[in-house]
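Visitor: I would like to learn how to read some features of a structure. Can we take them one at a time?

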Amino acid sequence: MSEKLAINGGSPVINNGEIKNWPPIDEIDRKMVMASLEGGRHAFGPNCIEFEKEFAKWNGNQFAVTTNSGTAALHMSLVACGCGAGDHVLVPAYSWSSSATCILHSNCIPVFVDIDWETMNIDTRKIEAAITPTTRAIVVVHLHGLAVNMDEVLSIAKRHNLKVIEDACQAHGATFKGKKVGTFGDCAAFSFNQNKCLCSGEGGMFVTNNEDNLLKARQLWSFGEIRTPAESRDYHAYALGWMYRNNDMTAAFGRAQLSKLDSYIRQQRDNELNLRKHLEGVPNIMLPAEPANHGHTWYNYTIRFDMKALNHENDAAAFRNKLVKALQAEGVPTSVWQSYPLPTMTVFQARNAYGKGCPWNCQHAVPVKYDPKDYSVAMKHSDWHTGMTLPLRSPNGPELGPKVGAAYMKVMSNLDQVEGITL
Ligand SMILES: *Cc1c(COP(=O)(O)O)cnc(C)c1O
């Protein structure tokens, strides 16, 4: 079944324009954003306050604070949990960089835990070995739309008296045992960046069910002030604060998208079921799993190439890059999301945060190691994976399943042509 791959001049399986962009915009978005624009209250505006109420209700949290990024909400979580100078905070070795750099912003030291091959999330069996008397908190990341097993995390945290922060930036609406992420730990952070399942351009949300956490997070959020949005300002910094507030137009956009979020997630789950049917027969790829008790939202559909069967274990990343290039030429919007596990990133290897080796060598610090060999699963995953978001996202529907499946089949059945690709 030799067919010329598009990268070698053959015709692509999926044509330009067949896959629609994210997010879908309709009259609801236009109306709400325009009303905010004309409304005249762009900071501390009514849409910010309503967005917080609506998101808290949607997710099942008591409190929510809207922010200008998910990273801001993560930093607020660290501060709300009382993490401070020299404290160790556990975080998975594979995630977005700011899952770990938010720890540095609080003067704490990230301690990485390897991931589980099956779920791609933190390996809960390896958490306890990383805990020391200086460990203060765990940042769990619900990666790709799949919740971490929170029964296991919460029981470890309880045993060792640790705070739990959920990085839910990729997992709006993901569930564990029927309960939504962001409701298990002490605090949680969501992102509303362009690519996320709830997009307001940029933006985020801090959520908690604890009023003390809320107050501490709010101080950091707005210049160390302690007033509520309804009270008048006394222009006094009571604590170290940043400027993490959201603006009204972004919040209006977020509210409009939130009103459609449940239908987006339903569409993603339908699209995944359909896509899986068309990928199951493709040789030498490993499809992502949805373990029992987990409601996956398929934020990112991450496939691993079986480099062992492909005989490319020793040059996995390079061969993966060729496969990705061939798939992209066929019109599949797939890419390599994170090719560096966090502990291999320069910021950690060089121990360069706020200068002069701090926080790693501050007087409160207990030394840590960032040896890539300790994160072998994250290393292998980084080299073997590719991920896609668009074909699963609304307004794309079941029509794309057969096409993406056919493109994968074409590339994986013409490996001799892939071998010849120059990078
Ligand atoms: C996107 C993302 C963040 C950061 O969110 P921003 O809104 O971009 O600051 C943090 N963690 C994870 C896992 C993410 O995917």
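Visitor: Is Y235 buried or exposed?

Guide: The model is predicted, and the values here are computed from it. A residue counts as exposed when its relative accessible area is over 50%. Y235 has 69% relative accessibility, so it is exposed.

Visitor: Where is Y235 placed, and what is its phi?

Guide: Y235 belongs to the loop between helix 6 (211-221) and helix 7 (248-258). Its phi is positive, about 50°, although Y235 is not a glycine.

Visitor: Which loop holds N293, and what is the phi of N293?

Guide: The loop between strand 10 (285-286) and strand 11 (294-295) holds N293. N293, also not a glycine, has a positive phi of about 75°. The relative accessible area of N293 is 47%, so this residue is partly exposed.

Visitor: How many residues along the chain separate V181 and Y94, and what is the distance between their C-alpha atoms?

Guide: V181 and Y94 are 87 residues apart along the chain, and 19 Å separates their C-alpha atoms.

Visitor: Polar contacts next. Which side chain does the side chain of N59 contact?

Guide: A polar contact is a pair of N or O atoms within 3.5 Å. The side chain of N59 makes one with the side chain of N61, at 2.8 Å. The side chain of N61 is also joined to that of N209 by a polar contact of 3.5 Å.

Visitor: Where are N59 and N61 found?

Guide: N59 is part of helix 2. N61 is in the loop between helix 2 (46-59) and strand 1 (63-67). With a relative accessible area of 3%, N59 is buried, and N61 is buried with 9%.

Visitor: Now the ligand. Where does the ligand sit, and which residues come nearest?

Guide: The largest pocket holds the ligand. There are 15 residues around the ligand, of which G70, T71, D167, S191 and K196 come nearest. By class, this shell consists of four nonpolar, nine polar and two charged residues.

Visitor: Which helix gives the most to the shell?

Guide: Helix 3 gives the most, with three residues. Helix 3 (70-80) and helix 4 (98-105) each supply at least two residues of the shell.

Visitor: Which polar side-chain atoms lie by an oxygen atom of the ligand?

Guide: One belongs to T71, at 2.6 Å from a ligand oxygen atom. Another belongs to Q170, with a distance of 2.9 Å to an oxygen atom of the ligand. The backbone takes part as well: a polar backbone atom of G70 is 2.7 Å from an oxygen atom of the ligand.

Visitor: How much of the accessible area of the ligand does the protein cover?

Guide: On its own the ligand has 380 Å² of accessible area, and the protein covers 91% of it.

Definitions and conventions:
Residues are numbered from 1 along each chain as its sequence is written. This is a predicted model: local features need pLDDT of at least 70, side-chain atom pairs count only at pLDDT 80 or more; totals for chains, interfaces and linings use all residues. Side-chain values use heavy atoms; hydrogens and water are left out. A residue is near a molecule or strand if one of its heavy atoms lies within 4 Å of it. A polar contact is a pair of N or O atoms within 3.5 Å; within protein, one must be able to donate a hydrogen and the other to accept it, and residues adjacent in sequence count only if both atoms are side-chain atoms. Accessible areas come from the Shrake-Rupley method with a 1.4 Å probe; for residues, only the protein chains shown count as cover. On a 1 Å grid over the protein atoms alone, a cavity is a set of points where a 1.4 Å probe fits but cannot get out, and a pocket is an open set with protein on both sides within 12 Å along at least five of seven lines; lining residues have an atom within 4 Å of a point. A molecule sits in a cavity or pocket if more than half of its atoms lie within 2 Å of its grid points. Helices (H or I, at least four residues) and strands (E, at least two) are DSSP runs, numbered from the N terminus. Ala, Val, Leu, Ile, Met, Phe, Trp, Tyr, Cys and Pro count as nonpolar, Asp, Glu, Lys and Arg as charged, and the others, Gly among them, as polar. Buried means under 20% relative accessible area, exposed over 50%, partly exposed in between (1.4 Å probe, protein chains only).
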